Amino acid sequence: MIISNQPLSTSRGKLYDQVHRIVQSTPALDMHTHLYDPAFGDLLLSGIDEQLVYHYLVAETFRSSTMGYEDFWKLPRAQQADHVWSTLFQERSPISEACRGVLTSLHLLGLETGPKSLPSIRQWFKEQDRESFVSRCLEIANLRGVCMTNSPFDPEEKAVWDQSPSRDSRFQTGLRLDPLLLDWPVAGKTLADWGYEVSEDMGGTSVVSVTRFLEDWRDRIHPLYLMVSLPPDFTYPADDHTTRMLQQVILPFCRASGLPLALMIGVRRSVNPFLQLAGDGVGRADLSALQCLCAENQDVKFLSTLLSRENQHELCVLGRKFRNLHIFGCWWFTNVPSMIQEMTRMRLELLGTSFTAQHSDARVLDQVLYKWDHSRRVIADVLTDKYFDMQQTGWPLSEEIIRADVTHLLGAGFEGFCS
Ligand code: FIX
Ligand code: ZN
């Protein structure tokens, strides 16, 4: 890449090409995924069948299929994938964002696609060497790192940590705390089984013990941040367990350790339980909870992404008020081009470059290909508009400046906020 300080041409077409090239070629840090370090074996999902049974596609399949929910879940994975393929890719055009995503990922891997191509695609995936496939996906998506979602409460994952796996430095960690905040009866019992002295009412040595549990996992996995997904009716402060856990354990821990707390707000879990993982919905949150957390704890760092489109403007305004709040990504139902475009534009207009433009939330390795390709295109479109407007005033712009902004938006800003 030639880096030049020469002012760019004010021709819109040339600016468009330059910004797109820079956004495509700047390595990103994917700050929230559900991928695993290859050392975690089968927990790292990849391949066409896993892509097809992704919960985004399962939800869409049931809109058009008359198959019973139970009948679908009883099928072996490959047959579930066959059903998704026939319903969404053969009987109609694969036009939704999730379907388009499968096609983009396959295309970027150099595979030909068409209604009859599933058997040959499967065969191709069978022939791939796992180690080199991981590198290939990260290279094509141009990711310099990927942050996992690491839950000590997941028995399969914990079993791997217990073996002290030899780690791949491209995969970083994030400590997931949902059960601690949202399901204390289960989390407390689990902690007690592991030898931490806790009680049902969080009395006695509970606060000290849960803090020690966090310290132990911090020392064990070295997370970039702590995280939790919260429902839209999350309220703070409230006379409930979540507030007590935040006030007595998590906020003091974040304050002392300097680790940020990521609050992902707006998911209504299991609105249709028959859909299993695909059955979660969205609700508009009351952001006075986040406002209060940021205001009362200015020495604690918060990361936030919200699920409801209706919350996005309010979130940007909160971002303007609190420098201890870093906004990131277009989460889940907002990870579609129309929403990425709207949210990125609004964030640039209200926050400048002081946010992280995207995370993938990928659950299957190959998905990073489409998620980043689609997002990078939209981010580059919006940036082109913004730079064009800026240039019209006579303000100089250079390749170097654009690259620094994009580097910031694609992970360096998040790292700076954390450090
Ligand atoms: O809570 C989360 O981290 C969500 O991203 C997931 O639970 C969700 O299932 C997902 O994969 C969204 O993209
Ligand atoms: Zn997620």
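Strand S6 is largely enclosed by the rest of the structure, because five of its five residues are buried (buried means under 20% relative accessible area, with a 1.4 Å probe and protein chains only). Strands here are DSSP runs of E with at least two residues, and helices are runs of H or I with at least four, both numbered from the N terminus. The model is a predicted one, in which local features need pLDDT of at least 70 and side-chain atom pairs count only at pLDDT 80 or more, while totals for chains, interfaces and linings use all residues. Residues are numbered from 1 along each chain as its sequence is written, chains are lettered from A and ligands numbered from 1 in the order in which they are written, and side-chain values use heavy atoms, without hydrogens and water.

In a regular strand the side chains alternate between the two faces of the sheet. In S6, Leu261, Leu263 and Ile265 point one way, Ala262 and Met264 point the other way, and all are buried.

S6 belongs to an open sheet of five strands with parallel pairing, in the order S4-S5-S6-S9-S10; two strands pair if DSSP finds at least two bridges between them. Strands S4 (175-176) and S10 (325-327) stand at the edges with a single partner strand each, so one side of each has no neighbour in the sheet. Strand S5 (residues 226-230) runs parallel to S6 (residues 261-265) and is joined to it by five bridges. Leu226 has Leu261 as its bridge partner in S6, and Leu230 stands opposite Ile265.

Helix H14 (residues 288-296) touches S6, strand S9 (302-306) and S10, and its direction makes about 170 degrees with that of S9. Helix H18 (residues 399-418) touches S9 and S10, with a direction at about 165 degrees to that of S10. Contact means heavy atoms within 4.5 Å; axes are lines fitted to C-alpha atoms, for helices over the stretch in contact, and angles run from 0 to 180 degrees between N-to-C directions.

The residues surrounding ligand 1 include His55, Arg176, Ser229, Met264 and Trp331, each with a heavy atom within 4 Å of the ligand. For Trp331, an N or O atom in the side chain is 2.9 Å from an oxygen atom of ligand 1. The protein covers 98% of the 330 Å² of accessible area that ligand 1 has on its own (Shrake-Rupley method, 1.4 Å probe).

Note on methods:
Polar contact = N/O pair within 3.5 Å; in protein donor to acceptor, adjacent residues only side chain to side chain. Buried < 20%, exposed > 50% of the residue type's maximum accessible area, 1.4 Å probe, protein only.
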